[in-house]
Number of protein chains: 10
Amino acid sequence: MLFQVEMTVKLPPEMPTEQAAEIKARERAYAQELQHAGKWRHLWRVAGSYANVSIFDVEDNAELQELVSSLPLFPYMEIRVKPLCRHPSSVRDDDS
Amino acid sequence: MLFQVEMTVKLPPEMPTEQAAEIKARERAYAQELQHAGKWRHLWRVAGSYANVSIFDVEDNAELQELVSSLPLFPYMEIRVKPLCRHPSSVRDDDS
Amino acid sequence: MLFQVEMTVKLPPEMPTEQAAEIKARERAYAQELQHAGKWRHLWRVAGSYANVSIFDVEDNAELQELVSSLPLFPYMEIRVKPLCRHPSSVRDDDS
Amino acid sequence: MLFQVEMTVKLPPEMPTEQAAEIKARERAYAQELQHAGKWRHLWRVAGSYANVSIFDVEDNAELQELVSSLPLFPYMEIRVKPLCRHPSSVRDDDS
Amino acid sequence: MLFQVEMTVKLPPEMPTEQAAEIKARERAYAQELQHAGKWRHLWRVAGSYANVSIFDVEDNAELQELVSSLPLFPYMEIRVKPLCRHPSSVRDDDS
Amino acid sequence: MLFQVEMTVKLPPEMPTEQAAEIKARERAYAQELQHAGKWRHLWRVAGSYANVSIFDVEDNAELQELVSSLPLFPYMEIRVKPLCRHPSSVRDDDS
Amino acid sequence: MLFQVEMTVKLPPEMPTEQAAEIKARERAYAQELQHAGKWRHLWRVAGSYANVSIFDVEDNAELQELVSSLPLFPYMEIRVKPLCRHPSSVRDDDS
Amino acid sequence: MLFQVEMTVKLPPEMPTEQAAEIKARERAYAQELQHAGKWRHLWRVAGSYANVSIFDVEDNAELQELVSSLPLFPYMEIRVKPLCRHPSSVRDDDS
Amino acid sequence: MLFQVEMTVKLPPEMPTEQAAEIKARERAYAQELQHAGKWRHLWRVAGSYANVSIFDVEDNAELQELVSSLPLFPYMEIRVKPLCRHPSSVRDDDS
Amino acid sequence: MLFQVEMTVKLPPEMPTEQAAEIKARERAYAQELQHAGKWRHLWRVAGSYANVSIFDVEDNAELQELVSSLPLFPYMEIRVKPLCRHPSSVRDDDS
């Protein structure tokens with residue numbers, strides 16, 4: 001089941017550089033782990049911003065909550081979620 | 001080059017049913033033609049709405065304008081566009 | 001799987017009274033059918049408005065889209081959807 | 001008398017971890033006490049967020065204010081309240 | 001139990017003058033009836049607008065819905081509702 | 001001359017408890033003084049929030065500014081002001 | 001007593017040209033009459049728009065309501081009102 | 001003197017095609033005349049929309065108002081204006 | 001050339017009282033200097049707020065930027081600017 | 001390929017003056033380097049603000065992201081991006 005998740009990162013300017021780097025490294029590792037597991041299906045940067053557009057593929061709402069709230073950057077992000085489903089005009093078999 | 005395009009359809013309630021059906025049929029044909037051509041890479045319905053989330057893959061901004069403004073439903077939609085690019089944490093070779 | 005669905009009805013003032021009455025009657029029948037089927041779990045009026053707050057219990061996003069877009073009042077409503085899941089502090093077994 | 005209460009938690013990032021944990025523990029205990037007392041009828045997590053959707057069942061507006069303003073997380077939450085009442089199409093006897 | 005109700009009237013410009021006058025006359029009669037009954041406790045015009053600020057005194061949310069949705073201008077108004085209760089610093093015995 | 005004044009308190013979470021208590025005590029004393037003087041005609045809590053709805057009765061705009069800007073909580077509040085006047089359908093002699 | 005009044009004109013596109021011209025002529029005559037009477041102290045066009053910024057000088061809120069609601073374009077305007085008073089740093093004797 | 005002007009066209013769907021075509025033809029002729037006169041310095045389409053971003057070079061605010069309010073599409077556009085001036089880091093002699 | 005400038009002051013609560021007093025004293029001196037020079041034509045307090053409505057009379061956009069960005073409170077204000085010009089219905093010779 | 005980029009600078013008031021000066025100096029050098037390289041085609045100050053309107057000319061979305069996210073002020077700015085393309089009524093050969 002697919003969800004569009006839009007994340008905008010808002011790190012406080014006063015956070016020490018090393019702390020920010022450490023969080024970002026964990027975020028990257030976690031994001032890649034979820035991608036390899038097939039849970040985080042797409043991940044794009046929004047050009048000109050510190051934001052991304054993502055497509056998650058999860059079992060249900062509970063798994064979405066579990067995965068998103070475990071993001072190391074979760075406390076520092078504005079997140080918008082939209083449930084997706086197959087569009088009647090889609091020609092791709094795997095977009096649902 | 002990728003763009004996220006979010007479209008919300010707002011057909012005027014007073015539009016005759018046949019006219020709406022005819023526009024939607026043309027929209028569907030056009031959407032499928034662009035998908036087969038590789039220009040409209042993803043097309044999802046936003047659940048609980050008359051809206052979609054789409055990913056376009058175009059040569060440049062001019063082609064995006066040409067394709068989107070030719071949509072039969074273009075005069076009846078609210079459209080939001082975001083330029084996308086490869087995310088440094090993405091593991092997919094084809095998401096850029 | 002639960003979703004909060006908030007619906008605000010905006011019937012065009014120029015719609016003939018009988019047409020509005022007929023749509024509302026079909027809406028009522030459909031709402032009660034979905035409630036009896038266990039799909040529309042809660043339905044409350046927002047006091048002082050022509051709006052409701054609802055909880056849907058569906059198989060997945062696709063079923064949510066199917067049920068909501070089939071509402072007779074669908075073309076005349078503003079609809080906001082939020083995916084829900086069990087809250088870690090909830091004490092009710094059936095709220096998930 | 002029912003109210004929908006939507007709460008979004010915004011803990012300041014600089015709050016020490018133990019202080020946050022202590023507030024959350026008190027919040028959890030209080031939430032469960034109110035649920036057992038029948039005052040906090042439903043409590044759902046909004047998937048992909050640090051927010052909840054709740055249904056309160058209170059005597060009157062004054063009791064709503066007393067219960068909500070006593071939440072340990074009250075100073076750190078954005079809260080939206082909507083008064084609810086029985087919907088004419090509802091089939092549930094206890095949803096009012 | 002008190003509620004603040006803010007109403008902004010948006011009559012469609014194409015409504016015939018007599019029809020508008022007839023609705024306004026019924027609105028006025030109904031507003032005065034509710035005021036005499038003690039249900040519509042205060043009614044002020046917002047200066048420079050076609051809007052009012054009102055205080056309703058009702059038994060519960062259901063009565064608020066019944067009274068407000070029966071306003072002859074109800075289909076033509078934007079309405080915002082806030083539940084009120086006694087303020088701990090109030091010195092008036094009857095403001096609760 | 002009447003004004004609706006809506007105040008939402010936003011105390012910084014890091015303010016020491018005693019400092020907050022001292023400001024609130026002065027706010028309370030000042031609010032009660034203005035009420036006894038007939039300047040602050042109504043004061044209600046908005047249920048489920050740290051906000052109030054108030055009606056001020058002042059000589060003119062200048063007095064409104066003097067009274068409101070002297071509130072001890074003034075630097076910590078979001079304030080919205082609406083000028084009010086007698087509504088043509090009001091039946092109360094003193095609501096103007 | 002001064003008020004800033006910002007008015008944005010939204011004439012329905014389908015209004016016949018002569019009807020619009022007639023309303024505008026009455027609006028102009030009325031605006032000039034109020035200016036000569038000293039009630040409408042300033043009237044500026046916002047460049048690049050069909051909007052104005054105005055300063056009214058009235059006895060009280062009731063007179064503001066009377067004057068503004070009598071504007072021939074009143075049913076076709078979005079209007080925002082702000083009560084003004086003397087600024088402590090102003091050097092003009094007549095700006096209060 | 002430069003102004004950024006952003007225009008979004010909102011033609012009513014019920015406008016006859018010939019009428020729309022005639023207005024657009026006049027708009028185009030007028031836009032090109034102003035460009036040749038050096039008054040409309042830049043004109044770009046916003047990709048994926050029926051909107052443009054423009055830079056006007058005018059004598060003063062009054063000329064901006066005269067030029068913009070004379071646009072044939074003026075009654076059908078949402079327009080946002082920002083006054084521009086030379087940026088201290090600009091290296092172009094003619095961007096002021 | 002005239003501009004409406006609306007300024008809302010947002011001093012950080014943690015700023016020491018003396019520092020705030022010193023900035024405000026400089027702001028006051030500067031505001032009065034610009035008024036005497038004829039550049040800051042009107043300055044009103046918005047009643048019930050820490051905000052003002054001002055009319056500036058400048059040579060061009062560049063002078064507006066120079067004057068406004070030199071305000072001692074500039075880093076602590078939200079500022080909205082609207083270019084003004086003579087209104088065709090104005091009867092004042094000096095309002096342009 | 002052109003993009004409109006609007007940047008609003010929000011430096012935290014508590015940043016030491018020298019640190020701010022150092023960041024601004026690097027921003028200025030970088031902005032001028034990109035202008036000389038033909039990547040930052042236009043750069044205007046928005047009068048009365050700490051904001052700019054810019055036109056970037058880049059190879060693709062990825063280059064836009066690279067250039068914008070490398071701005072020394074990037075962590076302190078609100079940035080809005082719009083993809084641009086040639087307008088059918090433009091008469092300039094180089095505005096695409």
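In chain F, strands β1(F) and β3 (residues 51–57) run antiparallel and are paired through seven bridges, where pairing requires that DSSP finds at least two bridges between two strands. Helices (H or I, at least four residues) and strands (E, at least two) are DSSP runs numbered from the N terminus. Within this pairing, F:Val5 faces F:Ser54 of β3(F). β1(F) is also joined by seven bridges to β4 (residues 77–86) of chain F, again in the antiparallel sense, and here F:Met7 lies opposite F:Ile79 of β4(F). Seven of the eight residues of β1 (residues 2–9) of chain F are buried, so this strand is largely enclosed by the rest of the structure. Buried stands for under 20% relative accessible area, exposed for over 50%, and partly exposed for what falls in between (1.4 Å probe, protein chains only).

The model is predicted, with local features needing pLDDT of at least 70 and side-chain atom pairs counting only at pLDDT 80 or more, while totals for chains, interfaces and linings use all residues. Residues are numbered from 1 along each chain as its sequence is written, chains are lettered from A and ligands numbered from 1 in the order in which they are written, and side-chain values use heavy atoms, with hydrogens and water left out.

Turning to chain D, helix α1 (residues 17–36) has 20 residues and spans 29 Å from its first C-alpha to its last, close to the 28 Å expected at 1.5 Å a residue; the expected span is 1.5 Å times one less than the number of residues. The buried residues in α1(D) are D:Ala20, D:Ile23, D:Glu27, D:Tyr30, D:Ala31, D:Leu34 and D:Gln35. They cover an arc of only 135° around the axis, which places them on the same side of α1(D), the arc being that of the directions from the helix axis to the C-beta atoms. An α-helix has 3.6 residues a turn, so residues three or four places apart point the same way. The cover over the buried residues of α1(D) includes β2 (40–46), β3 (51–57), α2 (61–69) and β4 (77–86) of chain D. On the other side of α1(D), D:Glu18, D:Glu33 and D:His36 are exposed. Just after this helix, D:Gly38 adopts a positive phi of about 85°.

In chain H, H:Leu11 sits in the loop between β1 (2–9) and α1 (17–36). H:Leu11 counts as partly exposed, at 21% relative accessibility. Beyond its neighbours within four places in sequence, H:Leu11 is in contact (heavy atoms within 4.5 Å) with H:Ala20, H:Lys24, H:Tyr50, H:Leu73 and H:Tyr76.

The arrangement of the chains comes next. Chain J is superposed on chain B by a rotation of 180° with 0.0 Å of shift along its axis (RMSD 0.0 Å), with copies fitted by least squares on the C-alpha atoms of residues with pLDDT of at least 70 in both. The two copies are thus related as by a two-fold rotation axis. The same surface serves both, as 100% of the contact residues of chain J recur in chain B. No contact joins chain F and chain H, and their closest C-alpha atoms are 25 Å apart. Chain D and chain I likewise have no contact, with closest C-alpha atoms 16 Å apart.
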